[in-house]
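Visitor: I would like to learn how to read a structure like this one with some care. Could we look at it together and take its features one at a time?

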Amino acid sequence: MRYNPFNPQNPPRGDYFVGRIDELRQFEQYLLQTIHGSPMNMSITGNRGMGKTSLLAKMEEIAKKEKCLVFRMSNYESLVNNISELTNYLILGLKNEFYADSSVSKKIMQLGEWATTLKPVVSYKEASLSFEEKRLVAQTILRNNFLGFWKKIEEEYPAIVILIDEAESLERIEGALSFLREVFQRLSHEAKYVIVLSGKLNFPERMSESFSPLNRFFPASPLTAFTEEETFSYIEKTLKSVNVVTDNDVKKKVFEKSEGHPYVLVKICSIIFNELEDTENKITAKHLEKARIRLMVDLEKEFFKPMFHPVSPKAKEITFQLLKIGKRKFVFTEAVKATGMERQKIAPYIQELVRKGCLNKPERATYEFFHHLFVDFLKKQASEI
Ligand SMILES: Nc1ncnc2c1ncn2[C@@H]1O[C@H](COP(=O)(O)OP(=O)(O)O)[C@@H](O)[C@H]1O
Ligand SMILES: [Mg+2]
């Protein structure tokens, strides 16, 4: 056994991180704006495995270096089902971060009193209120709490950064995102909060909403796959940390196979690395070859199946028919022809496939299977039916 530096389950160690230059520059700019009293927010969109969580982790690192108070929120889906739960969760989360920050822990004793006055619970007869009323009450409570929180800590921190991962689960709660927008927009003159949403978000993709208030308040950066250069740099840096080398041919093959898709890339590297004998310190074409079967088995099990499984039966059927087009990228009329369905009938299923990440929509009326290995997986599934 030897330590494998490639870990597809977790964000990369700081020194293995590559790319995302534009997104990080924008984040740093917005952080600076916020610190100077003109808060700005953003959102990160991207399919599964594209590096959203990793980018948020990097933002967290940057914001902490700037001495900001940071709350990175994830795995909250089952805990947050409505706006008042969201309110509570955010306030409690920030308080926890504040308590956990050792640089202020001594001062908490002096501040103890105000902390207990932050009542996160929405303490009124909720049942008697309409949706709109609840929303307004929650909004006022959240705003007052956030304002109060900021006023207490503004001497200690230049800004507060809230990083919300898997934000598509908030998108599913009616009004939750516009609620956040309203709260933080009203606070922007009095408190220094930066909000970053990250997830497989739908709102930035709907054309009708490209100038919507949500889009303007959380301008979206869509994540794309790594370039060849970034892929090479990732492989080199990571191997170097364990004194293993490889050649350009191998790196090129890994890039072609992975297409620079972060999760697929890390997974491939991890499997190839496992093919190294304890005494070896160079990865060659031989290791690549040995890793092939395992790679498809693992990707199927861990990535493609869980992604395709939740697709509706009819959309699955259509997916298999789309394979008949014989191209990874196709236009809508080709889909109509391949399925023999009417335009209006097939459109919602194509949309479902885009929403679930099986298809990308690189331009208007043009679709593309998200990865060439996913096409191989589908072909295999189709032949098994
Ligand atoms: N910028 C990056 N540099 C290096 N590795 C990355 C980067 N972004 C993602 N990865 C790796 O890719 C994999 C998937 O990334 P993750 O952030 O979990 O994607 P997502 O949250 O979009 O599903 C992880 O193993 C992570 O280590
Ligand atoms: Mg993630």
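Guide: Let us begin with contacts: two residues are in contact if their C-beta atoms, placed from the backbone, lie within 7 Å. Leaving aside neighbours within four places in sequence, Leu94 is in contact with Phe71, Phe149 and Ile160. This is a predicted model, in which local features need pLDDT of at least 70 and side-chain atom pairs count only at pLDDT 80 or more, while totals for chains, interfaces and linings use all residues. Residues are numbered from 1 along each chain as its sequence is written, and chains are lettered from A and ligands numbered from 1 in the order in which they are written.

Visitor: Is Leu94 buried or exposed?

Guide: A residue is buried if 20 or more other C-beta atoms, placed from the backbone, lie within 10 Å of its own, exposed if 12 or fewer, and partly exposed in between. Leu94 counts as buried because 24 other C-beta atoms lie within 10 Å. Leu94 belongs to helix H3 (residues 83–100), where helices are DSSP runs (H or I, at least four residues) numbered from the N terminus. Leu94 and Phe71 are 23 residues apart in sequence, yet 6.0 Å apart in space, C-alpha to C-alpha.

Visitor: What does pLDDT average over the chain?

Guide: pLDDT is the predictor's confidence in each residue, from 0 to 100. The chain averages 89, and 91% of the residues score at least 70, but pLDDT stays under 50 over residues 117–124.

Visitor: Where is the kink in helix H12 centred?

Guide: The bend at a residue is the angle between axes fitted to the seven residues ending there and the seven starting there. In helix H12 (residues 285–308) there is a kink of about 50°, centred on Glu300. Buried residues of H12 include Leu299 and Phe303, and the buried residues of this helix pack against helix H10 (248–258), H11 and helix H16 (372–384).

Visitor: Which domains does the assignment give?

Guide: Domain bounds come from an automatic or database domain assignment, which here gives domain 1 (20–222), domain 2 (228–307) and domain 3 (310–383). Seven residues of domain 2 are in contact with eight residues of domain 3, and H12 supplies the largest share of the domain 2 side, four residues.

Visitor: Which residues come nearest to ligand 1?

Guide: Of the 22 residues around ligand 1, those that come nearest are Gly51, Lys52, Thr53, Ser54 and Pro262, where a residue counts as near if its C-beta atom, placed from the backbone, lies within 6 Å. Helix H2 (52–65) and helix H11 (262–274) are the elements that give two or more residues to this shell.
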